[in-house]
Amino acid sequence: MNHKNVFTIMISLLIFSCAENQKSQNKDVVTNESPLSEMEGFWNRIGTIQVINGVPVDTLLIKDSENTNYRQVKVYKDGNMVWLDNVKSDTPWKGGGGGYGKFTVNSEKSITEHMSAGTGMMAVWVDNYKDSLNVPAFDVALTVDYKGDRYSQMNGPNREFMEYWERMPVLSSKKTKLDGAWKRVYEIAYIKDTPVDTLAVPSDVILDVKVMTNGRFAYQVDQTGNSEVDTREYGGLGGYGHYDYNEEDNTLKEYTVFGSGWNISNYEEGQRENFQTHEIKFYNDDLFIQIDKANVGMVRVEGATGRGVVYRRIK
């Protein structure tokens with residue numbers, strides 16, 4: 001794609017920005033408090049509850065298990081859900097699994113997660129399920145018992161185990177424009193700070209979703225629509241970690257803790273040594289570009305020195 005096409009894309013983004021701002025000014029504010037709205041945020045799985053004849057009988061904590069390094073994290077935000085774990089696997093992608101989807105709160109005891117994408121073996125399962133039944137998502141009905149900073153969930157009826165979760169502490173009490181759920185819609189190649197090529201990212205080819213809130217992030221990049229089975233790329237990649245966002249100089253630092261799919265990163269919670277730095281530019285409250293001057297990403301352009309990823313808010 002030449003410079004003229006890049007310019008056209010940038011103008012289109014600016015037009016979209018103006019239109020969205022006008023829409024937001026004209027739209028009435030409607031609030032609909034969910035019975036489980038306080039569950040929004042990041043959760044860390046801390047154990048498993050054994051169930052016999054529908055009655056919880058024993059709690060097995062991860063810290064007391066044989067695999068104390070096991071991690072599983074989940075976030076609920078603005079109707080979107082992302083989860084991932086760090087289990088290593090004997091697969092071409094080597095890493096753990098994860099999932100992304102919208103969710104519906106049915107009652108104070110029931111949530112349905114509409115899993116539409118994933119990484120690792122979950123990506124394989126969701127892709128096969130959607131293809132075989134020609135449906136947009138794999139629906140998972142959860143029975144939940146929410147009590148403040150902890151909750152348990154049973155993944156379907158008549159199960160013998162429940163997952164046991166604990167709320168993760170808020171790292172940043174200051175809400176930023178990055179808080180929310182985002183989807184990658186474009187990638188732009190850069191040569192010496194100049195945009196030279198742009199690639200649209202259709203959701204049915206690659207679905208890249210990132211959720212950011214209160215200083216933590218989690219993302220899932222499903223590549224099943226763009227990769228051959230039994231390749232590393234088919235397993236996609238995901239990540240969980242924490243971030244610092246400086247609104248004055250528009251820089252974002254992301255500190256990965258662990259990954260899924262072919263991202264097999266595994267660091268201590270709260271680590272500050274390994275990070276990526278991005279430049280952030282907002283077109284409006286619902287559209288921004290993340291520029292990485294050390295990574296060319298998907299766009300393969302001779303001489304490319306960096307890339308910009310355009311994210312649109314998921315509503």
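This is a predicted model: local features need pLDDT of at least 70, side-chain atom pairs count only at pLDDT 80 or more; totals for chains, interfaces and linings use all residues.
1. Overall make-up. The chain has 2 helices and 18 strands. Of its 315 residues, 48% are buried. The accessible surface is about 16300 Å², and carbon and sulfur atoms account for 50% of that area.

2. Contacts along the sequence. Taking contacts between residues at least 6 apart in sequence, 59% join residues at least 24 apart.

3. Salt bridges in general. Side chains of opposite charge can pair when their charged atoms come close. The structure holds 20 salt bridges, including those described in the points below.

4. Asp 145 and Lys 109. These side chains form a salt bridge with an N to O distance of 3.3 Å. Asp 145 sits in strand 7 (residues 138-147), while Lys 109 is in the loop between strand 5 (98-107) and strand 6 (110-119); the two are 36 residues apart. Asp 145 is partly exposed, at 26% relative accessible area, and Lys 109 is partly exposed at 47%.

5. Glu 187 and Arg 184. The N to O distance in this salt bridge is 2.7 Å. Glu 187 counts as buried because its relative accessibility is 0%, under the 20% cut-off. Arg 184, at 6%, also counts as buried. Both residues belong to a network of salt bridges that links Arg 184, Glu 187, Asp 208 and Arg 307.

6. Asp 244 and Arg 272. The closest N and O atoms of this salt bridge are 2.6 Å apart. Asp 244 lies in strand 14 (residues 237-246) and Arg 272 in the loop between strand 15 (251-261) and strand 16 (276-284), so the pair ties together parts 28 residues apart in sequence. Asp 244 is partly exposed at 32% relative accessible area, as is Arg 272 at 45%.

Methods
Residues are numbered from 1 along each chain as its sequence is written. Side-chain values use heavy atoms; hydrogens and water are left out. Helices (H or I, at least four residues) and strands (E, at least two) are DSSP runs, numbered from the N terminus. Buried means under 20% relative accessible area, exposed over 50%, partly exposed in between (1.4 Å probe, protein chains only). Contact means heavy atoms within 4.5 Å. Accessible areas come from the Shrake-Rupley method with a 1.4 Å probe; for residues, only the protein chains shown count as cover. A salt bridge is a side-chain nitrogen of Lys or Arg within 4 Å of a carboxyl oxygen of Asp or Glu.
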